[in-house]
Amino acid sequence: MSTPAAQHAPGPAPADGVAARARGLTKAYGSGETAVIALDSVDVDIARGRFTAVMGPSGSGKSTLMHCLAGLDTVSAGQVWLGGTEITGLKERELTRLRRDRIGFMFQSFNLIPTLNAVENITLPMDIAGHKPDQKWLDQVIDTLGLRDRLRHRPAQLSGGQQQRVACARALASRPELIFADEPTGNLDSRAGLEVLAFLRQAVDDLGQTVVMVTHDPGAAAHSDLVLFLADGRLVDRMEQPSADAVLERMKRFDVGRVPRAGGPLDGTADDASEGRAEGPLAGAPEED
Ligand SMILES: Nc1ncnc2c1ncn2[C@@H]1O[C@H](COP(=O)(O)OP(=O)(O)OP(=O)(O)O)[C@@H](O)[C@H]1O
(Lines give C-alpha, C1' and ligand atoms only; values in the text may rest on other atoms or scores of the structure.)
Protein backbone atom coordinates (compact mmCIF):
# COMPACT_ATOMS: atom_id res chain seq x y z
CA MET A 1 0.00 0.00 0.00
CA SER A 2 1.18 3.48 -0.65
CA THR A 3 2.10 6.36 1.55
CA PRO A 4 -0.82 7.75 3.51
CA ALA A 5 -1.72 11.39 2.98
CA ALA A 6 -0.46 12.39 6.40
CA GLN A 7 3.09 11.48 5.37
CA HIS A 8 3.01 13.78 2.36
CA ALA A 9 3.99 17.38 2.61
CA PRO A 10 0.76 19.41 2.35
CA GLY A 11 1.91 20.90 -0.94
CA PRO A 12 1.15 24.37 -2.16
CA ALA A 13 -2.22 25.37 -3.53
CA PRO A 14 -1.88 25.36 -7.31
CA ALA A 15 -0.56 28.42 -9.05
CA ASP A 16 -2.50 30.03 -11.85
CA GLY A 17 -1.09 27.76 -14.51
CA VAL A 18 -2.44 24.62 -12.87
CA ALA A 19 -6.06 23.63 -13.44
CA ALA A 20 -5.95 20.55 -11.21
CA ARG A 21 -3.34 19.03 -8.95
CA ALA A 22 -3.01 15.77 -7.05
CA ARG A 23 -0.44 14.87 -4.45
CA GLY A 24 -0.08 11.38 -3.02
CA LEU A 25 -3.40 10.47 -4.61
CA THR A 26 -4.22 6.93 -3.57
CA LYS A 27 -7.41 5.02 -4.23
CA ALA A 28 -8.07 1.55 -2.92
CA TYR A 29 -11.20 -0.43 -3.65
CA GLY A 30 -12.22 -2.99 -1.03
CA SER A 31 -10.09 -3.94 1.94
CA GLY A 32 -7.90 -6.69 3.29
CA GLU A 33 -6.68 -9.38 0.95
CA THR A 34 -9.11 -8.46 -1.78
CA ALA A 35 -8.17 -4.76 -1.82
CA VAL A 36 -7.29 -3.33 -5.23
CA ILE A 37 -4.96 -0.34 -5.29
CA ALA A 38 -6.30 1.50 -8.31
CA LEU A 39 -4.09 4.56 -7.75
CA ASP A 40 -0.85 4.41 -5.83
CA SER A 41 0.38 7.77 -4.54
CA VAL A 42 0.00 9.70 -7.78
CA ASP A 43 1.45 13.22 -8.07
CA VAL A 44 0.20 15.12 -11.08
CA ASP A 45 -0.36 18.69 -12.28
CA ILE A 46 -2.83 19.38 -15.08
CA ALA A 47 -1.72 22.52 -16.90
CA ARG A 48 -4.33 25.16 -17.62
CA GLY A 49 -5.15 25.82 -21.27
CA ARG A 50 -3.67 22.55 -22.48
CA PHE A 51 -4.99 19.27 -23.85
CA THR A 52 -3.74 16.37 -21.72
CA ALA A 53 -4.34 12.72 -22.61
CA VAL A 54 -4.17 9.88 -20.09
CA MET A 55 -3.20 6.46 -21.42
CA GLY A 56 -2.18 3.10 -20.04
CA PRO A 57 -3.09 -0.58 -20.12
CA SER A 58 -6.56 -1.72 -19.16
CA GLY A 59 -6.99 -1.54 -15.40
CA SER A 60 -4.05 0.86 -14.93
CA GLY A 61 -6.27 3.41 -13.17
CA LYS A 62 -7.10 5.94 -15.91
CA SER A 63 -10.80 6.27 -15.17
CA THR A 64 -10.16 6.23 -11.43
CA LEU A 65 -7.67 9.08 -11.82
CA MET A 66 -10.17 11.08 -13.83
CA HIS A 67 -12.97 10.41 -11.35
CA CYS A 68 -10.81 11.41 -8.37
CA LEU A 69 -9.54 14.59 -10.08
CA ALA A 70 -13.14 15.49 -10.95
CA GLY A 71 -14.45 14.84 -7.45
CA LEU A 72 -16.69 12.04 -8.73
CA ASP A 73 -15.02 9.54 -6.42
CA THR A 74 -13.55 9.82 -2.93
CA VAL A 75 -9.84 9.24 -2.39
CA SER A 76 -8.29 6.81 0.11
CA ALA A 77 -5.32 9.09 0.77
CA GLY A 78 -3.72 12.18 -0.65
CA GLN A 79 -5.00 15.56 -1.80
CA VAL A 80 -6.65 16.93 -4.91
CA TRP A 81 -7.10 20.58 -5.88
CA LEU A 82 -9.28 22.03 -8.54
CA GLY A 83 -7.76 25.42 -9.26
CA GLY A 84 -7.12 26.89 -5.82
CA THR A 85 -9.74 24.75 -4.08
CA GLU A 86 -8.77 21.59 -2.27
CA ILE A 87 -11.61 19.21 -3.08
CA THR A 88 -10.52 16.34 -0.87
CA GLY A 89 -12.49 16.75 2.31
CA LEU A 90 -15.33 18.73 0.75
CA LYS A 91 -18.83 17.61 1.68
CA GLU A 92 -20.89 15.89 -1.01
CA ARG A 93 -23.14 18.89 -1.47
CA GLU A 94 -20.17 21.25 -1.95
CA LEU A 95 -18.60 18.78 -4.35
CA THR A 96 -21.79 18.56 -6.37
CA ARG A 97 -21.92 22.32 -6.68
CA LEU A 98 -18.24 22.53 -7.59
CA ARG A 99 -18.61 19.86 -10.30
CA ARG A 100 -21.67 21.58 -11.67
CA ASP A 101 -20.10 25.04 -11.73
CA ARG A 102 -16.49 24.33 -12.64
CA ILE A 103 -16.22 21.03 -14.53
CA GLY A 104 -17.54 19.80 -17.86
CA PHE A 105 -17.88 16.09 -18.61
CA MET A 106 -17.91 14.12 -21.84
CA PHE A 107 -18.46 10.40 -21.70
CA GLN A 108 -18.36 7.64 -24.28
CA SER A 109 -22.10 7.29 -24.06
CA PHE A 110 -23.20 10.81 -24.82
CA ASN A 111 -25.81 10.91 -22.05
CA LEU A 112 -28.15 13.15 -24.02
CA ILE A 113 -31.80 13.37 -22.99
CA PRO A 114 -33.82 11.91 -25.90
CA THR A 115 -36.88 14.11 -25.41
CA LEU A 116 -34.91 17.37 -25.44
CA ASN A 117 -33.57 18.99 -28.58
CA ALA A 118 -29.89 19.82 -29.09
CA VAL A 119 -29.90 23.29 -27.59
CA GLU A 120 -32.03 22.15 -24.62
CA ASN A 121 -29.51 19.37 -23.99
CA ILE A 122 -26.64 21.83 -24.25
CA THR A 123 -28.06 24.21 -21.66
CA LEU A 124 -29.62 21.56 -19.38
CA PRO A 125 -26.88 21.59 -16.69
CA MET A 126 -27.12 25.38 -16.49
CA ASP A 127 -30.91 25.24 -16.43
CA ILE A 128 -30.79 22.77 -13.54
CA ALA A 129 -28.32 25.00 -11.72
CA GLY A 130 -30.53 28.02 -12.35
CA HIS A 131 -27.74 29.79 -14.23
CA LYS A 132 -28.39 31.93 -17.26
CA PRO A 133 -26.13 30.97 -20.17
CA ASP A 134 -23.67 33.58 -21.41
CA GLN A 135 -25.28 33.91 -24.85
CA LYS A 136 -22.17 35.25 -26.58
CA TRP A 137 -20.08 32.32 -25.35
CA LEU A 138 -22.84 29.85 -26.13
CA ASP A 139 -23.06 31.18 -29.69
CA GLN A 140 -19.31 30.88 -30.06
CA VAL A 141 -19.39 27.25 -28.85
CA ILE A 142 -22.33 26.37 -31.11
CA ASP A 143 -20.67 27.93 -34.15
CA THR A 144 -17.26 26.45 -33.37
CA LEU A 145 -18.88 23.02 -33.19
CA GLY A 146 -20.94 23.59 -36.33
CA LEU A 147 -24.25 22.93 -34.58
CA ARG A 148 -26.13 26.07 -35.59
CA ASP A 149 -28.48 24.30 -38.03
CA ARG A 150 -29.06 21.31 -35.73
CA LEU A 151 -30.21 23.08 -32.58
CA ARG A 152 -33.88 22.07 -32.86
CA HIS A 153 -33.13 18.42 -33.64
CA ARG A 154 -33.59 15.71 -31.03
CA PRO A 155 -30.71 13.24 -30.44
CA ALA A 156 -32.41 10.52 -32.52
CA GLN A 157 -32.40 12.91 -35.48
CA LEU A 158 -28.65 13.47 -35.21
CA SER A 159 -25.72 11.31 -36.34
CA GLY A 160 -23.39 9.82 -33.73
CA GLY A 161 -20.80 12.49 -34.47
CA GLN A 162 -23.38 15.25 -34.18
CA GLN A 163 -24.62 13.81 -30.88
CA GLN A 164 -21.07 13.76 -29.55
CA ARG A 165 -20.65 17.38 -30.68
CA VAL A 166 -23.78 18.26 -28.69
CA ALA A 167 -22.23 16.49 -25.70
CA CYS A 168 -19.06 18.49 -26.32
CA ALA A 169 -21.05 21.75 -26.49
CA ARG A 170 -22.85 20.82 -23.26
CA ALA A 171 -19.47 20.28 -21.56
CA LEU A 172 -18.23 23.65 -22.84
CA ALA A 173 -21.41 25.68 -22.39
CA SER A 174 -20.83 26.83 -18.84
CA ARG A 175 -17.20 27.67 -19.66
CA PRO A 176 -15.86 25.22 -17.08
CA GLU A 177 -12.36 25.46 -15.69
CA LEU A 178 -11.71 21.90 -16.75
CA ILE A 179 -13.26 19.42 -19.16
CA PHE A 180 -12.89 15.71 -18.52
CA ALA A 181 -13.50 13.42 -21.47
CA ASP A 182 -13.58 9.64 -20.93
CA GLU A 183 -13.07 7.83 -24.26
CA PRO A 184 -15.07 10.53 -26.07
CA THR A 185 -14.52 8.87 -29.44
CA GLY A 186 -15.07 5.30 -28.27
CA ASN A 187 -18.51 4.91 -29.86
CA LEU A 188 -17.82 6.82 -33.06
CA ASP A 189 -16.61 5.80 -36.51
CA SER A 190 -13.18 7.15 -37.35
CA ARG A 191 -14.42 10.21 -39.26
CA ALA A 192 -16.80 11.31 -36.50
CA GLY A 193 -14.12 10.52 -33.92
CA LEU A 194 -11.65 12.74 -35.74
CA GLU A 195 -14.21 15.53 -35.82
CA VAL A 196 -14.72 15.40 -32.08
CA LEU A 197 -10.97 15.37 -31.45
CA ALA A 198 -10.55 18.36 -33.74
CA PHE A 199 -13.26 20.19 -31.77
CA LEU A 200 -11.63 19.38 -28.44
CA ARG A 201 -8.37 20.67 -29.91
CA GLN A 202 -10.16 23.82 -31.05
CA ALA A 203 -11.71 24.26 -27.62
CA VAL A 204 -8.19 24.44 -26.23
CA ASP A 205 -6.60 26.51 -29.01
CA ASP A 206 -9.42 28.92 -29.83
CA LEU A 207 -11.50 29.02 -26.65
CA GLY A 208 -8.67 28.61 -24.11
CA GLN A 209 -10.25 25.59 -22.42
CA THR A 210 -8.42 22.90 -20.45
CA VAL A 211 -9.12 19.32 -21.48
CA VAL A 212 -8.16 16.00 -19.88
CA MET A 213 -9.00 12.98 -22.03
CA VAL A 214 -8.75 9.30 -21.14
CA THR A 215 -8.21 7.19 -24.24
CA HIS A 216 -6.93 3.82 -25.47
CA ASP A 217 -6.32 5.17 -28.96
CA PRO A 218 -2.82 6.45 -29.85
CA GLY A 219 -4.36 8.34 -32.77
CA ALA A 220 -6.68 10.19 -30.39
CA ALA A 221 -3.85 10.87 -27.94
CA ALA A 222 -1.86 12.44 -30.80
CA HIS A 223 -4.32 15.36 -30.76
CA SER A 224 -3.23 16.27 -27.24
CA ASP A 225 -0.31 18.42 -26.09
CA LEU A 226 0.86 15.93 -23.51
CA VAL A 227 0.27 12.25 -22.82
CA LEU A 228 0.54 10.92 -19.27
CA PHE A 229 1.07 7.17 -19.05
CA LEU A 230 -0.31 5.14 -16.16
CA ALA A 231 0.66 1.59 -15.25
CA ASP A 232 -0.47 -0.29 -12.15
CA GLY A 233 -1.94 2.84 -10.63
CA ARG A 234 1.24 4.88 -11.02
CA LEU A 235 2.23 7.61 -13.42
CA VAL A 236 5.25 6.18 -15.16
CA ASP A 237 5.91 8.36 -18.18
CA ARG A 238 4.93 11.47 -20.11
CA MET A 239 5.24 12.53 -23.73
CA GLU A 240 5.05 16.10 -25.05
CA GLN A 241 3.78 16.81 -28.58
CA PRO A 242 2.88 13.17 -29.11
CA SER A 243 2.64 11.49 -32.47
CA ALA A 244 0.42 8.43 -32.91
CA ASP A 245 3.45 6.28 -33.81
CA ALA A 246 5.46 7.39 -30.78
CA VAL A 247 2.48 6.75 -28.46
CA LEU A 248 1.89 3.34 -30.02
CA GLU A 249 5.55 2.41 -29.55
CA ARG A 250 5.40 3.53 -25.91
CA MET A 251 2.21 1.55 -25.32
CA LYS A 252 3.83 -1.57 -26.78
CA ARG A 253 6.45 -1.43 -24.07
CA PHE A 254 3.73 -1.98 -21.47
CA ASP A 255 3.13 -5.35 -23.08
CA VAL A 256 6.69 -6.56 -22.58
CA GLY A 257 7.32 -5.37 -19.07
CA ARG A 258 6.36 -2.91 -16.40
CA VAL A 259 8.20 0.37 -16.13
CA PRO A 260 9.83 1.28 -12.81
CA ARG A 261 7.97 3.55 -10.45
CA ALA A 262 7.97 7.33 -10.81
CA GLY A 263 10.18 9.39 -8.50
CA GLY A 264 8.54 12.80 -8.69
CA PRO A 265 5.42 14.53 -9.92
CA LEU A 266 4.68 14.26 -13.59
CA ASP A 267 3.03 17.33 -14.85
CA GLY A 268 1.97 19.30 -17.84
CA THR A 269 3.71 22.48 -16.82
CA ALA A 270 7.36 21.65 -17.49
CA ASP A 271 8.83 22.82 -20.78
CA ASP A 272 11.81 20.54 -20.88
CA ALA A 273 10.13 17.44 -22.20
CA SER A 274 11.08 15.55 -25.30
CA GLU A 275 9.07 16.19 -28.45
CA GLY A 276 7.01 13.37 -29.82
CA ARG A 277 8.92 10.72 -27.97
CA ALA A 278 9.58 9.54 -24.47
CA GLU A 279 13.17 8.85 -23.58
CA GLY A 280 12.76 5.97 -21.20
CA PRO A 281 10.85 5.99 -17.98
CA LEU A 282 9.84 9.42 -16.77
CA ALA A 283 11.28 11.33 -19.69
CA GLY A 284 10.94 15.03 -19.05
CA ALA A 285 9.54 14.57 -15.55
CA PRO A 286 10.30 17.60 -13.44
CA GLU A 287 11.99 17.35 -10.08
CA GLU A 288 9.87 16.93 -6.98
CA ASP A 289 8.74 20.30 -5.72
N1 LIG B 1 -15.76 0.12 -8.12
C2 LIG B 1 -14.68 -0.67 -8.13
N3 LIG B 1 -14.57 -1.70 -7.26
C4 LIG B 1 -13.48 -2.49 -7.24
N5 LIG B 1 -12.42 -2.34 -8.08
C6 LIG B 1 -12.49 -1.35 -8.98
C7 LIG B 1 -13.63 -0.47 -9.06
N8 LIG B 1 -13.39 0.43 -10.06
C9 LIG B 1 -12.17 0.11 -10.58
N10 LIG B 1 -11.64 -0.95 -9.93
C11 LIG B 1 -10.33 -1.56 -10.18
O12 LIG B 1 -9.36 -0.53 -10.13
C13 LIG B 1 -8.37 -0.72 -11.14
C14 LIG B 1 -8.32 0.52 -12.03
O15 LIG B 1 -9.57 0.62 -12.74
P16 LIG B 1 -9.83 1.77 -13.81
O17 LIG B 1 -11.23 1.59 -14.31
O18 LIG B 1 -9.46 3.07 -13.24
O19 LIG B 1 -8.77 1.39 -14.95
P20 LIG B 1 -8.68 1.92 -16.45
O21 LIG B 1 -7.23 2.14 -16.72
O22 LIG B 1 -9.61 3.06 -16.65
O23 LIG B 1 -9.18 0.62 -17.22
P24 LIG B 1 -9.85 0.46 -18.67
O25 LIG B 1 -8.82 0.97 -19.63
O26 LIG B 1 -10.03 -1.01 -18.78
O27 LIG B 1 -11.12 1.26 -18.67
C28 LIG B 1 -8.76 -1.99 -11.87
O29 LIG B 1 -8.01 -3.06 -11.32
C30 LIG B 1 -10.22 -2.14 -11.57
O31 LIG B 1 -10.60 -3.49 -11.57
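Helices (H or I, at least four residues) and strands (E, at least two) are DSSP runs, numbered from the N terminus, and two strands pair if DSSP finds at least two bridges between them. This is a predicted model, in which local features need pLDDT of at least 70 and side-chain atom pairs count only at pLDDT 80 or more, while totals for chains, interfaces and linings use all residues. Residues are numbered from 1 along each chain as its sequence is written.

**Strands S1 and S2**

- Eight bridges join S1 to S2, and these strands run antiparallel.
- Tyr29 stands opposite Val36 in S2.
- S1 and S2 form a hairpin with six residues between them, and Gly30 in the turn has a positive phi of about 75°.
- Strand S1 (residues 18–29) is mostly covered, with 10 of its 12 residues buried. A residue is buried if 20 or more other C-beta atoms lie within 10 Å of its own, exposed if 12 or fewer, and partly exposed in between, with C-beta atoms placed from the backbone.

**Around the ligand**

- Which residues surround the ligand? They are Tyr29, Gly30, Val36, Ala38, Gly56, Ser58, Gly59, Ser60, Gly61, Lys62, Ser63 and Thr64. Here a residue is near a molecule if its C-beta atom, placed from the backbone, lies within 6 Å of it.
- Strand S2 (36–47) and helix H1 (62–69) each supply at least two residues of this shell, and H1 gives the most, with three residues.
- The shell divides into three nonpolar, eight polar and one charged residue. In this count, Ala, Val, Leu, Ile, Met, Phe, Trp, Tyr, Cys and Pro are nonpolar, Asp, Glu, Lys and Arg are charged, and the others, Gly among them, are polar.

**Helix H1**

- Six of the eight residues of H1 are buried, so the helix is largely enclosed by the rest of the structure.
- The buried residues of H1 are Lys62, Thr64, Leu65, His67, Cys68 and Leu69.
- These buried residues pack against S1, S2, S3, S4, S8 and strand S9 (226–231). Two residues are in contact if their C-beta atoms, placed from the backbone, lie within 7 Å.
- Gly71, whose phi is positive, near 70°, follows H1.

**The six-stranded sheet**

- An open sheet of six strands has the order S6-S7-S8-S3-S9-S10, with mixed pairing.
- Why is one side of S6 and of S10 left without a neighbour in the sheet? Strand S6 (103–107) and strand S10 (234–240) stand at the edges, and each has a single partner strand, so one side of each has no neighbour there.
- The twist averages 20° from one strand to the next.
- Strand S3 (residues 51–55) and strand S8 (residues 211–214) run parallel and are joined by four bridges; Phe51 stands opposite Val211 in S8.
- H5 lies across S6 and strand S7 (178–182), running at about 165° to S6. Axes are lines fitted to C-alpha atoms, for helices over the stretch in contact, and angles run from 0 to 180 degrees between N-to-C directions.

- In soluble globular proteins, nonpolar side chains tend to be buried together.
- The largest nonpolar core here has 73 residues, and Cys168, Ala169, Leu200, Val211 and Val227 touch the most other members. Helix H5 (residues 160–173) gives the most to this core, with seven residues. Such a core is a set of buried Ala, Val, Leu, Ile, Met, Phe, Trp, Tyr and Cys residues joined through C-beta atoms within 7 Å.
- Leu200 touches Phe51, Cys168, Ala181, Val211, Met213 and His223, not counting residues up to four places away in sequence.

**Loops on either side of S7**

- Most residues other than glycine have a negative phi.
- Arg175 has a positive phi of about 55° although it is not a glycine, and it lies in the loop between H5 and S7. Arg175 counts as partly exposed because it has 16 C-beta neighbours inside 10 Å.
- Pro176 is also in the loop between H5 and S7. Is Pro176 buried or exposed? With 20 C-beta neighbours inside 10 Å, Pro176 counts as buried.
- Pro176 touches Arg102, Ile103 and Gly104, not counting residues up to four places away in sequence.
- Glu183 has a positive phi of about 45° although it is not a glycine, and its place is in the loop between S7 and helix H6 (190–205).
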